[in-house]
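Please read the following note beside the sequence and the model. The points are numbered so that each can be checked in turn.

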Amino acid sequence: MLDFHRVLIGFGVAAVLVTALFAARALRRHATYGMGALAIGVAAWGGFVYLPKTAPHWGQGDVMRAYYTDRTSEAEPLVAYEMNWKGESFYTGNRMATFVTTGAPFTKWLHDEREHGTKVVYFVLEPSRVGGLKGQAQARAWREVTTREQSHQFVLVRAEL
Amino acid sequence: MEAQTKSHHAPLWVAIATPVILFFLAPPLSRGGLWDARELAIAEAARHVGDAVQARPSLPTALVAFGFRVFGAHDWAGRLPMAFVALLGVLATYAWVARLVDRRAGAYAAIALSTMPLFFVQARAMLGDGVAMSASSAAFGGLAVLLFAPIRARERAAWSAMALAGLAAGLASRGAILGVAMPCLGVGAAWGRSARGTAFGARIASRMGSRMRRSRWGSRRSPSGGARSR
């Protein structure tokens with residue numbers, strides 16, 4: 001999924017070769033320019049490739065954007081299920097229900113939502129906890145909105161109550 | 001003449017353009033969400049700046065809070081002050097290396113710092129150590145120029161201001177040991193090994209030695225019990 005080892009080895013080998021050029025007095029000027037270009041290249045790769053590719057897996061920005069894209073109205077609330085990170089609060093402006101631990105408060109909240117006529121609820125959670133959520137929520141239908149390729153740390157699930 | 005001026009300023013433009021492009025534009029700071037929970041810990045702390053819980057925030061936290069207050073609670077708004085301070089750190093590094101060595105060396109130092117992965121990530125993220133690193137460079141460089149370069153009185157004021165600003169920012173970022181003691185001891189140790197430093201140390205040691213001798217002999221008591229005057 002995230003595999004950068006070939007690129008990193010390539011940069012490492014290039015750095016070794018350019019450093020070796022410094023040994024030859026006649027090539028030092030070229031080695032200096034080469035090292036400068038390589039350093040800028042590594043940083044640009046970090047900014048354009050490495051950080052954008054890793055960010056969705058270690059942050060909730062994309063998962064939260066998926067929620068706002070997928071929901072049809074504000075009547076479809078978001079729930080942070082067994083989450084104690086911080087991205088869920090930041091990206092929603094704290095407009096969500098948070099359950100750090102599961103149990104009676106969560107089942108009561110779900111019961112109340114059903115009573116109020118809520119049809120669809122979105123859950124953001126860690127992928128390993130989807131099974132436990134399904135057992136507790138007893139929803140009629142489930143759909144994982146985000147895939148493991150999009151984020152392996154967080155998943156957005158749509159549940160029809 | 002014009003071409004000469006252009007080449008004269010070329011290293012400075014390299015030192016400005018490299019961090020501006022890498023820290024702000026390539027790609028924009030908004031690309032890529034916040035690192036959960038490391039960046040969000042400082043964002044959360046920034047949210048409480050001004051409350052009783054965060055009455056005296058660290059400098060990075062205060063800067064993130066400033067970004068949120070001015071631009072709103074966006075990921076790029078918190079990162080922007082970090083990138084700006086990192087840019088100042090690169091420019092400070094260019095300035096003192098250019099002053100101690102030459103402009104070309106300053107440009108290379110700016111490229112090296114801007115592309116160093118640890119500094120680069122700190123500059124583009126709401127983590128806070130980029131502020132301490134920039135402050136450390138400003139303090140170290142300001143003190144180094146004051147001690148090692150032949151400078152005029154007007155120049156002295158500017159380098160003193162840079163050193164003091166770096167020390168103050170370092171103290172407010174990561175405390176007295178990392179922010180103040182480290183740059184002071186680093187420059188002090190280098191100066192102590194230099195010819196001027198060695199001569200200064202010898203003068204101090206000689207004065208202290210003679211003062212100690214005077215005080216020991218001055219208070220030596222005579223066999224009769226009274227203080228023996230010399």
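A residue counts as buried if 20 or more other C-beta atoms lie within 10 Å of its own, as exposed if 12 or fewer do, and as partly exposed in between, with C-beta atoms placed from the backbone.

1. Basis of the note. This is a predicted model, in which local features need pLDDT of at least 70, side-chain atom pairs count only at pLDDT 80 or more, and totals for chains, interfaces and linings use all residues. Residues are numbered from 1 along each chain as its sequence is written, while chains are lettered from A and ligands numbered from 1 in the order in which they are written.

2. Pro77 of chain A. Pro77(A) is partly exposed because 17 other C-beta atoms lie within 10 Å. Pro77(A) sits in the loop between α3 and β1 (78-81) of chain A; helices (H or I, at least four residues) and strands (E, at least two) are DSSP runs, numbered from the N terminus. Two residues are in contact if their C-beta atoms, placed from the backbone, lie within 7 Å. Apart from neighbours within four places in sequence, Pro77(A) is in contact with Ala97(A), Thr118(A) and Val121(A). From Pro77(A) to Gly10(A) there are 67 residues in sequence and 47 Å in space, C-alpha to C-alpha.

3. Pro127 of chain A. The loop between β3 (120-125) and α6 (130-137) of chain A holds Pro127(A). Pro127(A) has 16 C-beta neighbours inside 10 Å and therefore counts as partly exposed. Beyond four places in sequence, the contacts of Pro127(A) are Arg148(A) and Val155(A). Pro127(A) and Gln138(A) are 11 residues apart along the chain, and their C-alpha atoms are separated by 17 Å.

4. Backbone points to check. Most residues other than glycine have a negative phi, and most peptide bonds are trans. Phi of Glu82(A) is near 50°, a positive value in a residue other than glycine; Glu82(A) lies in the loop between β1 and α4 of chain A. Asn94(A), also not a glycine, has a positive phi of about 65° and belongs to the loop between α4 and β2 (97-99) of chain A. Are these two residues buried or exposed? Glu82(A) is partly exposed, with 17 other C-beta atoms within 10 Å, whereas Asn94(A) counts as exposed, with 10 C-beta neighbours inside 10 Å. In chain B, the peptide bond from Ala26(B) to Pro27(B) is cis, with omega near -10°, and Pro27(B) is found in the loop between α1 (2-25) and α2 of chain B.

5. Make-up of chain B. Chain B has nine helices and zero strands. Of its 230 residues, 40% count as buried. Among contacts in chain B between residues at least 6 apart in sequence, 62% join residues at least 24 apart.

6. Helix packing in chain B. Axes are lines fitted to C-alpha atoms, for helices over the stretch in contact, and angles run from 0 to 180 degrees between N-to-C directions. Helix α2 (residues 38-47) of chain B packs against helix α3 (residues 59-71) of chain B at about 75°, with the axes 8 Å apart. That makes α2(B) roughly perpendicular to α3(B), since angles under 35 degrees count as roughly parallel, over 145 as roughly antiparallel, 65 to 115 as roughly perpendicular and the rest as oblique. Ile42(B), Ala43(B), Ala45(B) and Ala46(B) of α2(B) meet Pro60(B), Thr61(B), Val64(B), Ala65(B) and Phe68(B) of α3(B). These residues divide into eight nonpolar, one polar and no charged; Ala, Val, Leu, Ile, Met, Phe, Trp, Tyr, Cys and Pro count as nonpolar, Asp, Glu, Lys and Arg as charged, and the others, Gly among them, as polar.

7. The nonpolar core. A nonpolar core is a set of buried Ala, Val, Leu, Ile, Met, Phe, Trp, Tyr and Cys residues joined through C-beta atoms within 7 Å. The largest such core has 85 residues, and those with the most contacts inside it are Phe123(A), Val124(A), Met82(B), Ala86(B) and Tyr94(B). Helix α4 (residues 75-100) of chain B gives the most to this core, with 14 residues. In soluble globular proteins, nonpolar side chains tend to be buried together.
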